[in-house]
Amino acid sequence: MQLPEFSIKNYRFILILVVMAFVVGLFALFTMPRTEDPDMALPFYTISVVYPGTSPEDMQELVVKPIEDALDEIDDLTEILTTIEEGLAVFEVEAGFGIDRIRKLDEITREVNGIRNQLPDGIFSLDIEQFRPEALTNIIQFALVSETASYRELNATAEMLEHRLKRIDGVRNVDIEANPEEEIRVAADFQRMAAQNVSLDMILHALTDQNMNIPGGNLNIGSGTFGIQTSGSLKSLDEIRQIPVASGASHVVYLDDIADVFYAHEDIRWIARFMDQRTVYINIKRESSKNLIQITNSIFGQLEELQAAIPSDMSLEVVFEQASAVEGRINDFFLNLLQGIVLVAVIIFLFLGFRSALITGAVIPIAMIAGIGVLNFIGYGLQQISIAALVIALGLLVDNGIVVVENIVRFRKKGHTLIDAAVKGTSEVGYAIISATLTTVLVFAPLAMMQSGPGEFLRSLPVTVIIVLILSLILALTFIPLLATRLMSDSPEAKESWVDRFIRHLISRYYRPALDIALKYKGFVFSSAVILFLGSLMLFPYIGVSFFPTADKPVLLIEVDLPHGTNVEETDRAVRFVEGVLDETEFVKNYTSNIGHGNPQIYYNRFPESFKSNHGQILVNFEEWDQERFYSTLRNFRESFARYPGARISFSELTNGPPFYAPVEIRILGERLDILKDLSLKVEDLIRNTGGTIDVNNPMALNRTNINVDINREKASLAGLSIASADRTIRAAMSGFPADKAIMSDGKEYPIMVRLALDEQTAVSDFDKIYLTNQYGEQIPLNQVADIRFGSATNSFIHYNLQRGTTVSSNVTNQDRVAAITEEIIAGLNEIDWPDGYSYYVAGEYASQHETFGDMTILVFVALFGIFAVLVLQFRSFLQPLIIFSAIPMAITGSFLALFITGWSFSFFAFVGFVSLIGIVVNNSIILVDYANQLLRDGKSVLESITEAAETRFTPIILTTTTTIAGLLPLTLSGTSLWSPLGWTIIGGMITSTALTLLIVPVLFLWFTTEERIVAGD
């Protein structure tokens, strides 16, 4: 290895590079974006279509089918799930990973816009979005609250605040929500229209015709050019009132003659309250490259000024803000990191002494700070995943330095000069630590390439660890030998410390006798290790399997769902019941209620429901995160909410990881709705009778009641009526029909809505007021050509990859038992007699678990194959890599024991810890086998070589294991459900693997190694 000699000779150049890397990293540390969770850009897209008053069957025919046909033409789409409800269709489109996500969004947008003219005119909104949490999630949710102000006054004030907030650096968007849109209402009197022979189509045509703004062009007169100003578009309500709608021989019918024209708000479809006071939301989203904490500080720095600018009858309340939680979480992680650094430094000092500890410890801040600089350069920010990765890397990055420094000290004690000891000591272990680092990198690299939602969430962890490990390797081979020549004692006979005496005593008194016994009774020792391994596997069913843990936040979203067809007023009564329970709960800090809509998005994987009259959602903020008090309160809530009849009031904690609908979710696929309903009832009954399930939801369990307007087509034809014109007239009368949009003199654009003139809410009797105009201009009462009756209809259904179906879902009482509960349900599903053409599909958390854990299992084998290939190249043997691999089952033993004892389940991050463990535990075996091979080449016997190698490498193996555990200990003991399982998995595996490696590897080495093969390999 020439690197140590090169760095010593060119020490100024090496120092300059190290200082530059440290300074760049330090700058990045204070400037890079800070968030709680990673910014993820997934190939998931959502298309939301709101078409009020439209039945699910009509939504399917008029909206869903044209859009799905367009989506079916797009390549690389792996899944299309469409939820179809009254007046709402939501398409969740998933594309393959590895594609250009922005280009795919453009393609989806282009295809949907291409068929826009095939969709009905009355669509309220059509939105297409890509799943980007930082673009969808609000970092701050304000409530503009007032008891007396009108919505128009609230909206005007909110717009003023919006303009101010948008000017703050880092604010990407400010949305005003829960404010009913102001419109120009044309309240038509159908009786007066009939008397004047005016049809709805005539009103719509007149409004559109009179609102056109067609430029008159230019006229050249002499040397000048003059623009021609035409009549232009409508500018005031008086102009709209004076629009001629019809004319006869002696008179003109103006709009004012048959309708009232005035400003109004749309029908209230989203009621919002903050602590029982009417509110309008002002929601703030950040730019993805900006620091969330800095943006929030800037906004709150202007909060007093903003509050002073609003009218006295209004107040601006903070409903939710992310920054305090993010800052607290990041500070906790940095504290864990600092604690880990102190523990590692103390251990190194105790084992190696002050000078050696100083040399080794210098690698920690340099590698970490420089690693942060690289992370910033490649586009990653500081958040809980990347900071936790630094904690994981902490114990690993000093391993190379410990091995190098310990070996330099060993050569120094043999009488070599400082420079010779630095060069020889580093060179002797150079290939071993390169190989050890490479094996660890090969374990983390597949995690970085994992193509899935969990992979995107996790990606910054393996990337961070890889960067820091590579930097630590470079520093160990160049910077550490350089520091050794400057900081180590000139005297080769260093005084033996008490730690040296303790380790020597430990080796001679305990380890060497144990090793001699192991080498004498090889079969018994190996069999015992195998029995321990198999015994630990038997613990796995008792450990339990979970996916992503809860987020441990003092926040709760309460869902209130009533039967489909329930109006907003009835839903509001159920929400007020929940508010009453919250008012009596001392632990509740504040709450925000939403009726007819979900709360604006405040967490990256929880999406609000859009405009559902039977749905309400309450955002509850608690005083603090107190786990015992939090779960006690939830138990009380569950008992209280169960008392409200006719509503399903449920809640679930915020969880980490990718989004999914429910822990248990069964999709039933088939064509006929009546058969789907029968099957859904059987599945619902099965899930309810399965232990551990709660909040079972079956949208098809109850039908909703519709009012069917059955037009007699024969009568309509004889009367000269157009069915399309009749449908348009009915919609305008009962729900309103959009005629056009007009920019008024105040500069705002208002939709013009034509509807029946009513003082109160529409009723069935209002159908008697509707007149239809035939092709001869005659007015015909609706009740003469149509029957009005009540009828039963389906609430909602889904399309899964264009096939019709429905979903039955539930929550669970114990998140760790999702897999076991779902497998019990699957066993019951297989007992159901499924008709031809009907089947079930298991979705929810169970499907995500299987897909993710399956992908990670494949990655484990890919990593093992890569490590094996590297070891074959290094040792030029197929048997010795297998000897080294013996550390892996020994690690599994400790991991399962640690999880079983501590009570944590085998979660996604425990699996990540297990994958990480593979690369860590083989390093000790590599160092041991590599040195034994060197001794064999020097002419010693196999027994002498492995014995001396085990004793010589005992100290660095114990030391690297101890530092790895110490680095992880603060994070592990923090008790968080996200990181504690990962920490215990690694710590438990490290303990048993190290203990057994020091005995099992020598046994296997003695069994499978011959002097002749080693010499020949050399």
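The model is predicted, so local features are given at pLDDT of at least 70 and side-chain atom pairs at pLDDT 80 or more, while totals for chains, interfaces and linings use all residues. Residues are numbered from 1 along each chain as its sequence is written, and side-chain values use heavy atoms, leaving out hydrogens and water.

**Whole chain**

The C-alpha atoms fill a box of roughly 125 × 80 × 55 Å, taken along the principal axes. The chain has 35 helices and 30 strands; these are DSSP runs numbered from the N terminus, with helices (H or I) of at least four residues and strands (E) of at least two. Of the 1018 residues, 57% are buried. Buried denotes under 20% relative accessible area, exposed over 50%, and partly exposed the range in between, with a 1.4 Å probe and protein chains only.

**Nonpolar surface patch**

Next, select Leu-335, Leu-338, Val-342, Val-346, Phe-349, Leu-350, Phe-354, Leu-358, Trp-498 and Phe-502, which make a nonpolar surface patch of about 990 Å². Helix H13 (323–361) and helix H19 (498–520) are the elements that give two or more residues to the patch. The most comes from H13, with eight residues. Patches consist of residues with over 30% relative accessible area and no salt bridge; nonpolar side chains (Val, Leu, Ile, Met, Phe, Trp, Tyr) are joined within 5 Å, and like charges within 9 Å. A salt bridge places a side-chain nitrogen of Lys or Arg within 4 Å of a carboxyl oxygen of Asp or Glu. Areas come from the Shrake-Rupley method with a 1.4 Å probe, and for residues only the protein chains shown count as cover.

**Aromatic pairs**

The structure holds 34 aromatic pairs. Rings of Phe, Tyr and Trp (its six-membered ring) pair if their centres lie within 6.5 Å; planes under 30 degrees apart are stacked, over 60 edge-to-face, and the rest tilted. Select Phe-547 and Phe-908: their ring centres are 6.2 Å apart and their planes stand at 75°, so this pair is edge-to-face. Phe-547 lies in the loop between helix H21 (540–543) and strand E16 (555–561) and Phe-908 in helix H31 (residues 908–937), so the pair ties together parts 361 residues apart in sequence. Both Phe-547 and Phe-908 are buried.

Move to Phe-637 and Phe-641, whose ring centres are 5.4 Å apart with planes at 25°, so the pair is stacked. Phe-637 and Phe-641 are four residues apart in helix H23 (residues 627–641), a separation of about one helical turn.

To see an aromatic cluster, select Phe-333, Phe-457, Phe-540, Phe-547, Phe-853, Phe-896, Phe-906, Phe-908, Phe-909, Phe-911, Phe-914 and Trp-979.

**Tyr-281**

Tyr-281 is found in strand E14 (residues 277–286) and is buried, with a relative accessible area of 0%. The side chains of Tyr-281 and Asn-594 are joined by a polar contact of 2.8 Å. Such a contact is a pair of N or O atoms within 3.5 Å; within protein, one must be able to donate a hydrogen and the other to accept it, and residues adjacent in sequence count only if both atoms are side-chain atoms.
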